[in-house]
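Biologist: Hello! Could you walk me through this structure, a piece at a time?

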Amino acid sequence: MLGDKEVLGDNEVLGHREALTDQQTLSEQQALQLASNTDTPALMQAARRLRDQGFRNLVTYSPKVFIPLTQLCRDVCHYCTFAQTPKKVASPYMSLDQVLSAVRAGAALGCREALFTLGERPELRYPAARRALDAMGFASTLEYVAHTAAAVFEQTGMLPHINAGCMSREEIAMLRPVSASMGIMLESAAARLCDKGMPHYGSPDKEPARRLQTLQFAGEANVAFTTGILIGIGETRRERIESLLAIRRLHRQYGHIQEVIVQNFRAKPGTKMAQAPEPELEELLWTIAVARLILGTGTSIQAPPNLSPGVLPNIIDAGINDWGGVSPLTPDFVNPEAPWPHVQQLARESAQCGKYLQQRLTIYPGYALAGKRWLDKKLQTPVLKMIDAEGYPRTDSWISGRAEQVPQEQLEALAAPVPAHKLAADLRAITARAERGEGLAEADIVRLFQARGAEVAYVCQRADDLRRKVNGDTVRYVVNRNINYTNVCYFKCQFCAFSKGKLSENLRGRPYDLEPEEIMRRSAEAWARGGTEVCMQGGIHPGYNGQTYVDILTAVKAAAPDIHVHAFSPLEVWQGAETLGISVREFLLRLQAAGLRSLPGTAAEVLDDEVRAQLCPDKINTRQWLQVMATAHEVGLRSTATIMFGHIDHPQHWARHLLRVRRLQARSGGFTEFVPLPFVAREAPIYRKGNSRMGPTFRETLLMHAVARLALHGAIDNIQTSWVKMGEAGIQACLHSGANDLGGTLMNETITRSAGASHGQEKTPAAMEQLIRAVQRRPQQRTTLYGEVPPERVAASFAAAELVPAVNTPLRKKTAATTKPPLVRSKAEDQLLVTSN
């Protein structure tokens with residue numbers, strides 16, 4: 001039996017987990033001392049290092065539509081051309097129809113953010129604004145903002161970001177349900193800029209104390225918030241640092257500042273500061289670098305790209321990681337003289353610095369992933385459906401289990417050569433270690449899963465090179481039959497649309513419990529059709545005990561004595577042993593004597609109790625799953641290993657799962673293959689309730705196969721891809737990403753189809769081999785344990801008759817009332833369930 005450390009690792013046994021924190025942020029005294037540091041290149045170099053620790057090779061942007069809801073403003077900032085008087089605007093406010101028309105046009109161009117920008121409280125200065133609000137039935141500009149933002153979200157699905165200026169607690173509370181994020185530019189914490197003759201004179205809303213109070217109120221309300229500083233309006237370098245420190249204090253208290261903008265002043269004709277000098281590039285770069293050094297690795301720093309054309313690589317080198325909102329439709333109404341760069345240009349200039357241009361939502365990834373804290377309840381599910389496992393937006397329409405085409409550009413990228421020298425050094429080093437068979441650390445595997453852009457193709461190509469070295473160009477499959485003997489289950493796994501019970505939540509299909517005669521008929525038919533394996537799993541029926549599983553094996557072997565029985569997940573094994581009051585080892589020996597020859601590695605889902613506590617809280621925990629598998633391997637039963645991913649999990653969970661499988665394999669050698677199973681969300685309870693993502697993205701799915709090949713190299717040689725989950729085009733992509741096995745022909749498939757998949761119930765040997773040859777590989781049938789299949793079995797599989805329609809025996813009423821057997825965990829195991837998280 002394997003010990004705790006051998007299976008889970010030292011950190012889990014000790015209940016220890018390292019926290020992710022900013023690296024070595026400066027004290028306030030140290031930060032203030034930077035005001036006299038004029039070595040901008042050295043500051044930029046330090047800033048780049050910090051930036052790359054937190055954001056790797058990514059620089060982000062938000063495709064947005066700009067909504068200038070009103071350009072009337074009670075303030076008179078001396079540099080502003082956005083604010084107008086009533087005589088210079090066609091209407092005090094955009095109408096709702098105008099707003100929706102602009103948003104719909106933006107959505108058609110791929111925009112995901114509706115940026116509401118407006119002057120501050122114009123009704124307090126202009127009667128025209130007051131009359132317009134009265135006519136529309138609103139008491140204030142902010143009430144109208146709330147109304148229009150709600151309509152935008154409800155009618156278009158686009159996420160509003162609201163820049164409404166200074167707000168009270170009550171106003172923030174009013175806007176929070178209709179916006180994914182909000183913001184206010186601090187601009188400067190220097191109160192003297194409000195003195196006579198200074199740029200904020202006559203602008204009551206530019207008082208630093210008021211703006212900082214708004215930031216405080218936003219933090220109290222758990223609003224993901226944007227702020228920033230405006231440089232070159234008369235402030236000193238020390239005052240910029242003081243402004244950044246004021247922002248940092250609030251962020252350390254509330255954790256809500258998702259980005260800080262460093263915006264350079266642009267002189268505009270017709271303003272009081274039309275002749276004021278604009279800050280030099282060196283001044284902007286110095287400020288960006290200092291902002292990064294003060295704010296650390298975790299806070300996004302943005303510089304608007306339209307305000308610094310021609311020098312964007314310099315700005316990246318200073319330490320930014322975000323370009324802000326970029327619109328393909330609307331101008332920058334605040335800086336109308338500065339057009340947005342095209343996204344393609346932004347991507348090219350970012351690539352010059354080794355950065356991949358990645359879309360984001362208006363709510364930043366970390367805040368989107370923690371939506372239960374940062375989003376109103378009405379916004380949580382919509383945002384969850386928009387994002388991937390890292391909180392970035394899904395950028396293709398591929399959905400696991402569905403018939404949609406795979407993203408063509410990703411298929412083309414897999415075949416294109418990737419110049420390795422242009423990729424991040426850490427990624428190249430990790431793949432090199434994997435290729436040498438060296439064990440990877442959790443952080444290494446997480447980094448592989450974080451690959452984006454050309455990195456994805458690189459990781460997949462490295463994995464495919466390993467596949468070629470280990471498996472050659474042969475792709476194997478097994479002719480088998482799935483027999484799901486019952487769909488009745490009293491467990492409440494939140495991902496499962498197959499099981500039926502009192503809480504089946506209106507899922508598809510009727511409850512059934514197969515008679516032994518039907519199990520025997522299906523087994524005999526499988527053998528007659530050339531099958532070499534029956535794969536059997538089912539729900540945890542309240543009327544089943546351990547003897548039931550022995551009886552099922554007896555029925556199969558009576559009907560097809562030579563067929564390989566691959567059956568019973570670790571959950572079924574654990575539960576069967578509990579109901580008989582015997583050890584897992586003794587129960588496995590009984591099953592083995594009755595004809596069991598190997599175990600499917602299902603019920604693993606994600607081997608991390610942080611995930612399992614939400615996904616399947618009453619199921620066996622990580623330790624118990626590993627214990628069953630270790631014991632099975634000890635008694636001579638081989639097994640597969642699976643991961644079911646793409647729901648509430650994240651890359652660190654996937655990394656831990658792979659490491660735990662690898663550790664067990666290093667001790668037992670019992671796993672035959674690793675099988676990634678992308679979550680099929682459509683009918684899953686957790687998705688229908690709005691509590692999960694909509695399955696993995698295509699990028700994540702390719703990477704799961706590729707990273708598994710790299711992380712398990714030297715331990716598990718076979719990586720299987722599921723045609724039921726992936727479809728034919730998806731399968732072909734996975735075969736170029738490290739996979740070498742297509743699993744079984746199945747004959748019957750119930751579990752994935754219950755969840756909403758549409759890829760069919762059987763893939764005949766002829767169809768399997770056609771699919772394999774289409775990617776210039778050599779097909780070969782195999783046995784469950786990767787042995788050769790006798791020629792007569794192969795011939796029988798290609799001459800198989802049509803399947804006789806299966807009969808699912810309806811559930812008898814008496815079984816529904818049977819008392820369910822308990823799933824018992826010892827106190828020590830319960831304690832571990834908490835500490836191993």
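Modeller: Gladly! Two strands pair if DSSP finds at least two bridges between them; helices (H or I, at least four residues) and strands (E, at least two) are DSSP runs, numbered from the N terminus. This is a predicted model, where local features need pLDDT of at least 70, side-chain atom pairs count only at pLDDT 80 or more, and totals for chains, interfaces and linings use all residues. Residues are numbered from 1 along each chain as its sequence is written, and side-chain values use heavy atoms, leaving out hydrogens and water.

Biologist: Which residue in β17 is the bridge partner of R476?

Modeller: Strand β10 covers residues 474-478 and runs parallel to β17, joined to that strand by two bridges. Within β17, R476 has as its bridge partner D741.

Biologist: Which strands stand at the edges of the open sheet of three strands?

Modeller: The sheet has the order β17-β10-β18, with parallel pairing. Each edge strand has a single partner strand, so one side of it lacks a neighbour in the sheet; these strands are β17 (741-744) and β18 (778-781).

Biologist: Is A733 buried or exposed?

Modeller: A733 belongs to helix α30, residues 723-735. Beyond its neighbours within four places in sequence, A733 is in contact (heavy atoms within 4.5 Å) with L411, L414, F698 and L702. Buried means under 20% relative accessible area, exposed over 50%, partly exposed in between, using a 1.4 Å probe and protein chains only. At a relative accessible area of 1%, A733 is buried.

Biologist: How far apart are the C-alpha atoms of A733 and E412?

Modeller: Along the chain, A733 and E412 are 321 residues apart.
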